[in-house]
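Here is a short briefing on one protein chain. Look over the sequence and the 3D structure first, then read the points below.

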Amino acid sequence: MDWEERIELNPAVLAGKPVVRGTRIAVELVIERLADGWSEETILDQYPSLSADDIRACLYYASTRLRAEGVYPVRV
C-alpha cells in the first residue's frame, strides 16, 4: 500500500502532524486506538470518515517512520 496517497502532512492542519488526508484525524490517534485494543470495526464506527484502507495507511506510515529511525549503541 502507498500510504502517501492517504496520509498528509500539512502545516495548516493539526500543526503539521500526519493526518488522514481530507480529515483532521491524526495518524497518532488511530495508532493509539489500535494499541488500546479497539478493533478496526470500532474505529470505523467511531470515526465514520475513515475507511479500512485509511487505518492500514496509518500502520504503514508508522512502520515506515520506525524503519527510518536510527539506532545508535551507547557505550558505557
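**Core, helix packing and a buried threonine**

In this predicted model, the largest nonpolar core has 13 residues. Within this core, I7, V30, L50 and C58 have the most contacts.

**The core**
- Helices α1 and α3 each supply at least two residues of this core.
- The largest share, four residues, comes from α3.
- C58 is in contact with I7, V20, V27, V30 and I31, leaving aside its neighbours within four places in sequence.
- In soluble globular proteins, nonpolar side chains tend to be buried together.

**How α1 meets α3**
- Helix α1 covers residues 27-35 and helix α3 covers residues 52-68.
- The two helices pack at an angle of about 100 degrees, and their axes are 9 Å apart.
- Angles of 65 to 115 degrees count as roughly perpendicular, so α1 is roughly perpendicular to α3.
- On the α1 side, the contact is made by V27, V30, I31 and L34.
- On the α3 side, I55, C58, L59, Y61 and A62 take part.
- By class, this contact of α1 with α3 has nine nonpolar residues, no polar residues and no charged residues.

**T23 in its loop**
- T23 is found in the loop between β2 (18-20) and α1.
- Is T23 buried or exposed? T23 counts as buried because its relative accessibility is 13%, and buried means under 20%.
- A polar atom of the T23 side chain lies 2.7 Å from the backbone oxygen of V20.
- Not counting residues up to four places away in sequence, T23 touches V13 and S49.

Methods:
Residues numbered from 1 in each chain as written. Predicted model: local features only at pLDDT ≥ 70, side-chain atom pairs only at ≥ 80, totals over all residues. Heavy atoms only, no water. Axes fitted to C-alpha atoms, helices over the stretch in contact; angles between N-to-C directions. Parallel < 35°, antiparallel > 145°, perpendicular 65-115°, else oblique. Contact = heavy atoms within 4.5 Å. Nonpolar A, V, L, I, M, F, W, Y, C, P; charged D, E, K, R; others polar. Core = buried A, V, L, I, M, F, W, Y, C linked by side-chain atoms within 4.5 Å. Buried < 20%, exposed > 50% of the residue type's maximum accessible area, 1.4 Å probe, protein only. Polar contact = N/O pair within 3.5 Å; in protein donor to acceptor, adjacent residues only side chain to side chain.
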